[in-house]
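This report describes selected features of one structure. Please look at the sequence and the 3D view before reading on.

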Amino acid sequence: MNLPVSFFIAARYSRASQGGRFIGFISMFAMAGIALGVMALILAMSVMDGFEGLLKERMLGAVPHVTVAPRNQQEMDVDEVSRAVTALGLETDVRQTLPLVQTQAIIQLPADLKGVLVQGVQSVESVPVSLASSVSDWSSFFEHKYGLMIGRYLAIEYGLTVGDKVRLLVSGASHYTPLGRMPAQRNFTIVGIFETQSEIDEQLILTRSQDLNRLLKNKPGHVQSVRLVLEEPFEAPRISQSLDQALESSRYRVENWHKTHGKLFDAVRMEKNMIWFMLSLIIAVAAFNIVSALVMMVTKKQNEVAILKTQGMTSLTIAKIFTLQGAYNGVLGTIIGGILGALLSLFLNDIMSATGINLLGVPGVGLPIEFSPAKLVMVMIFAFVLALMASLYPASKAARLKPADVLRYE
């Protein structure tokens with residue numbers, strides 16, 4: 001295989017600078033800096049993606065991803081929304097199209113009052129897939145009239161157990177009494193406890209749709225709105241926009257989870273971007289070290305460069321020599337950092353368990369890590385391009401050397 005002469009000279013210069021001399025030290029330092037930056041960036045992104053994925057799974061699992069509600073008080077037509085989803089070709093994006101009845105309420109506990117969101121579930125088939133696994137037996141829930149399913153955190157906070165009775169007060173329906181206008185209220189029995197391991201466990205309460213409709217003075221089969229459960233909750237803005245255009249905006253109102261929980265995920269996304277930016281500075285500093293090492297190398301080798309030019313080597317070939325030498329440090333540092341970052345991301349919890357380190361402070365709970373090979377490749381390409389760009393200035397400086405000026409006093 002016939003490789004260009006610039007490749008052989010660049011390889012010779014790279015090997016020659018790996019001794020105990022100062023230039024070799026700076027080159028090794030630059031390579032180590034790139035490896036450290038790539039490793040830290042891959043690990044940080046894996047952890048942040050894991051936290052975001054955990055939030056998405058636990059919190060957005062119980063929250064309606066997209067809701068379609070009528071603008072007036074008429075009953076919602078579930079089939080019309082299903083037809084709109086089919087017409088838009090969103091069957092692969094939408095996992096479930098479910099009837100929804102929900103309202104803000106106050107739960108009267110033995111020693112306190114607490115505001116909650118009450119959702120009605122029509123049947124076993126209407127249970128969102130994200131909540132289906134949180135309770136082992138949903139059929140018994142639908143057998144109890146005026147029964148409640150509460151979150152685990154709410155049960156622990158107020159000492160509630162299955163069989164306890166609580167009073168539910170809703171402001172959406174009220175009636176006049178001798179004492180004045182009073183909210184609709186009724187005693188409910190706790191028949192089950194679900195768990196999402198998020199703040200939703202303190203805010204959400206489930207009951208049968210027919211029982212909630214009776215409390216709201218509606219017909220037992222009344223449908224307040226339609227709930228769409230999506231394959232990817234982060235696609236909710238796009239899907240809600242498509243539905244808003246397909247349905248009559250004068251009749252229906254389309255909303256998504258971003259309206260109520262978007263600020264939290266926006267904050268997580270901003271934090272991910274800031275971590276990306278700050279850790280990228282490590283790679284940038286290492287790239288500056290490549291510039292320093294190559295500038296000193298050009299100064300040291302200027303006599304050889306001048307001789308090569310007098311023998312007919314072009315300025316472009318000279319520039320390629322030092323560009324390849326800078327790329328060598330970038331490639332080697334990137335590969336080492338990528339391998340270390342991937343191994344740490346895949347086995348970090350095992351390493352912490354073996355060493356007894358617990359960053360979360362909760363026994364037996366590890367960091368949520370979501371390793372992405374695509375992002376690994378993206379980070380490695382970013383580091384290599386940055387190292388390659390750092391070698392352009394020293395390479396151009398070497399290419400501009402004039403043999404007459406260098407060899408004048410030789």
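Just after helix α12, G356 has a positive phi of about 80°. Helices such as this one (H or I, at least four residues) and strands (E, at least two) are DSSP runs, numbered from the N terminus. The model is predicted: local features need pLDDT of at least 70, side-chain atom pairs count only at pLDDT 80 or more, and totals for chains, interfaces and linings use all residues. Residues are numbered from 1 along each chain as its sequence is written, and side-chain values use heavy atoms, with hydrogens and water left out.

Two other residues with positive phi are not glycine. Y146 has a phi near 55° and sits in the loop between α5 (138-143) and β4 (147-151). K217, with a phi near 65°, is in the loop between α8 (209-215) and β8. As background, most residues other than glycine have a negative phi. Y146 counts as buried because its relative accessibility is 11%, while K217 is exposed at 55%. Here buried means under 20% relative accessible area, exposed means over 50%, and partly exposed lies in between (1.4 Å probe, protein chains only).

Where is the kink in α12 centred? It is centred on F347, with an angle of about 65°. The bend at a residue is the angle between axes fitted to the seven residues ending there and the seven starting there. F347 is also part of a nonpolar surface patch, together with V331, I335, I339, L343, L346 and I351. The accessible area of this patch is about 590 Å² together, and such areas come from the Shrake-Rupley method with a 1.4 Å probe, where for residues only the protein chains shown count as cover. I335 lies in α12, which covers residues 315-355, and is partly exposed at 39%.

E202 is in helix α7 (residues 200-203) and is partly exposed, with a relative accessible area of 31%. Patches are made of residues with over 30% relative accessible area and no salt bridge; like charges are joined within 9 Å, and nonpolar side chains (Val, Leu, Ile, Met, Phe, Trp, Tyr) within 5 Å.

How many salt bridges does the structure hold? There are 14, each being a side-chain nitrogen of Lys or Arg within 4 Å of a carboxyl oxygen of Asp or Glu. The table gives three of them.

| E231 | R95 | 3.7 Å |

E231 is partly exposed at 48%, and R95 is partly exposed at 46%. Both D211 and R208 are buried. Salt bridges that share partners also join D49, E52, K272 and K375 into one network.

K402 is in the loop between α14 (392-399) and α15 (403-406) and is exposed, with a relative accessible area of 55%. The C-alpha atoms of K402 and A306 are separated by 6.8 Å, though these residues are 96 residues apart along the chain.
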